[in-house]
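Try each task before you read its solution.

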Amino acid sequence: MTLGNLPHLSTDQVAAFVELSRVGQIRAAANALGITEQGVRNRLIALETQLGVELYRKSRGPRLSTVLTPHGRRFLPHALAFLERAHELCRACDLDVSGQEVHVVASQYLTRYVLIDVLKKFRTQAPTIHVRVSTMNEADVVDALLGDSEVAFGLAAPYESSPQIEYSELFSMNWSLITPRQYQVAGSSRVRLKHLIEHPLILYERGSTGRQHVLDAFHERGLSPRVGLETTSTETIVSMVESGLGVSVVPLMPNGAVTRGRRVDVFPIADPIRPIHSGILVRRAEKPAGATARLLEFTKSSF
């Protein structure tokens with residue numbers, strides 16, 4: 001095959017195919033790429049036309065284990081290599097190819113109750129910027145930021161500061177008791193921590209800033225709570241409380257998003273517990289630019 005007979009492939013077309021192979025659906029691929037579903041289809045049609053083969057199944061029947069055809073499965077490793085070579089070519093010419101993707105690491109809480117709303121609004125402002133989000137506990141957010149240069153920034157409530165991390169606060173939250181509906185707790189109009197030591201307490205898992213703040217408040221008063229369960233996310237804690245597995249002390253968003261529509265009761269806590277301070281973490285030695293700087297500024301402006 002001479003150079004003149006080579007198919008006219010574009011990185012956009014190949015990237016659409018690779019994303020479809022990863023997520024398995026046109027809609028999900030469109031969301032990941034920040035374009036319309038028809039835009040993904042157009043790129044895939046153009047790619048198949050150039051190659052002269054069918055790369056993926058178009059039927060709407062029962063979902064199969066893979067959306068790719070045999071031709072598509074054979075083409076996939078070459079597509080991945082094609083994109084890698086394209087990145088290498090851009091790097092050789094000192095072109096910035098990472099500017100339109102931002103990898104963010106965030107705690108479960110901030111992802112669920114903060115970041116999703118921010119990204120929904122951000123997409124209307126910057127539809128071509130692809131944001132990749134990884135959720136983890138606070139300690140792992142700091143580790144990921146320090147250990148992976150591909151991570152742009154983190155969103156968390158760090159328990160301990162690091163000299164290598166620069167922290168910018170977005171907001172703080174106080175604590176409330178949540179119980180199953182009509183659950184009896186002494187002094188429920190103004191709950192004190194001593195009222196909770198006989199009740200099974202659902203805590204955040206180890207490594208969580210929230211867990212440490214709650215336990216510190218108990219221990220400062222010479223109290224040892226009866227820990228019934230431990231889990232990662234606030235969403236799971238609320239579900240456990242709804243099911244009658246125990247009570248919990250959690251930070252709540254001022255807008256009530258955490259417990260709205262859930263079968264739980266919420267009570268203020270009289271004893272002071274250190275509030276949760278949540279914010280943005282970046283590597284101190286770096287100055288964010290491009291898409292990262294744009295997302296950072298948008299996130300800060302949301303608060």
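Rings of Phe, Tyr and Trp (its six-membered ring) count as a pair if their centres lie within 6.5 Å; planes under 30 degrees apart make the pair stacked, over 60 edge-to-face, and the rest tilted. Please keep in mind that this is a predicted model.

**Exercise 1. How many aromatic pairs does a search of the whole structure find, and which class does the pair of Phe17 and Phe75 belong to?**

Solution. The search of the whole structure gives 4 aromatic pairs. One of them joins Phe17 and Phe75, with 5.2 Å from centre to centre and 50° between the planes, and is tilted. Finally, check accessibility: both Phe17 and Phe75 are buried.

**Exercise 2. Classify the pair formed by the rings of Phe171 and Phe303, and say where the two residues lie.**

Solution. Start with the geometry. The ring centres of Phe171 and Phe303 are 5.2 Å apart and the planes meet at 20°, so this pair is stacked, the limit for that class being under 30 degrees. Now for location: Phe171 is in strand β4 (residues 165-173), while Phe303 is in the segment after α9 (290-301), 132 residues away, so here too the pair links distant parts of the chain.

Phe171 has 14%, so Phe171 is buried. Phe303 has 42%, so Phe303 is partly exposed.

**Exercise 3. Is Glu242 buried or exposed, and which residues is Glu242 in contact with?**

Solution. Begin with the helix: Glu242 is found in α8 (residues 234-242). The relative accessible area of Glu242 is 18%, so this residue is buried. Leaving aside neighbours within four places in sequence, the contacts of Glu242 are Arg262, Arg263 and Val264. With Arg262, the side chain of Glu242 makes a polar contact of 2.9 Å.

**Exercise 4. What span does helix α5 reach, and where is its kink centred?**

Solution. Helix α5 (residues 108-125) has 18 residues, and from its first C-alpha to its last it reaches 25 Å, close to the 26 Å expected at 1.5 Å a residue. Then look along the helix for the bend: α5 has a kink of about 45°, centred on Leu115. Leu115 is also among the buried residues of α5, which include Val114 and Val118.

Technical notes. Residues are numbered from 1 along each chain as its sequence is written. This is a predicted model: local features need pLDDT of at least 70, side-chain atom pairs count only at pLDDT 80 or more; totals for chains, interfaces and linings use all residues. Side-chain values use heavy atoms; hydrogens and water are left out. Buried means under 20% relative accessible area, exposed over 50%, partly exposed in between (1.4 Å probe, protein chains only). Helices (H or I, at least four residues) and strands (E, at least two) are DSSP runs, numbered from the N terminus. A polar contact is a pair of N or O atoms within 3.5 Å; within protein, one must be able to donate a hydrogen and the other to accept it, and residues adjacent in sequence count only if both atoms are side-chain atoms. Contact means heavy atoms within 4.5 Å. The expected span of a helix is 1.5 Å times one less than its number of residues. The bend at a residue is the angle between axes fitted to the seven residues ending there and the seven starting there.
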